Amino acid sequence: MKWIIPVALLMIVISLGSALYFMMKDRGNSSRMVHSLMLRIGLSIALFLGILLAHYFGLIEATGIKVGTN
């Protein structure tokens, strides 16, 4: 379970890198950059919803920051 979030973050960064590559290579003649950025947005939303659902079902717990305790 601990590997899901890092893998998702890695996929998001790879998608962003591919969008940069397509932007530099295609020079606006192709829609591959747009598709790559749409994939990145979809992965980011899926990761956020996955974290929310995992917290809701008790698979992960919020630790929080304890303020005022020494």
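What percentage of the 70 residues in the chain is buried? Buried residues come to 13%, where buried means under 20% relative accessible area with a 1.4 Å probe, protein chains only.

Before you click around: this is a predicted model, with local features needing pLDDT of at least 70, side-chain atom pairs counting only at pLDDT 80 or more, and totals for chains, interfaces and linings using all residues. Numbering runs from 1 along each chain as its sequence is written, and side-chain values use heavy atoms, leaving out hydrogens and water.

Start with the whole chain in cartoon. You'll see two helices and zero strands (DSSP runs: H or I of at least four residues for helices, E of at least two for strands). Along the principal axes, the C-alpha atoms fill a box of roughly 55 × 30 × 15 Å.

Next, select residues 4-26 and 32-56, helices α1 and α2: they pack at about 165 degrees, with axes 8 Å apart. Those axes are lines fitted to C-alpha atoms over the stretch in contact, with angles running from 0 to 180 degrees between N-to-C directions. The pair is therefore roughly antiparallel (angles over 145 degrees). Show side chains at the α1–α2 contact: its residues divide into 15 nonpolar, four polar and four charged (Asp, Glu, Lys and Arg count as charged; Ala, Val, Leu, Ile, Met, Phe, Trp, Tyr, Cys and Pro as nonpolar; the others, Gly among them, as polar).

Now color 6-24 and 36-57, which an unreviewed UniProt entry labels "transmembrane region"; such annotations may be inferred rather than shown by experiment. Residues 6-24 are 100% helix, with end C-alpha atoms 27 Å apart. For 36-57, helix makes up 95% and the end C-alpha atoms lie 31 Å apart.

How values were computed: Angles under 35 degrees count as roughly parallel, over 145 as roughly antiparallel, 65 to 115 as roughly perpendicular and the rest as oblique. Buried means under 20% relative accessible area, exposed over 50%, partly exposed in between (1.4 Å probe, protein chains only).
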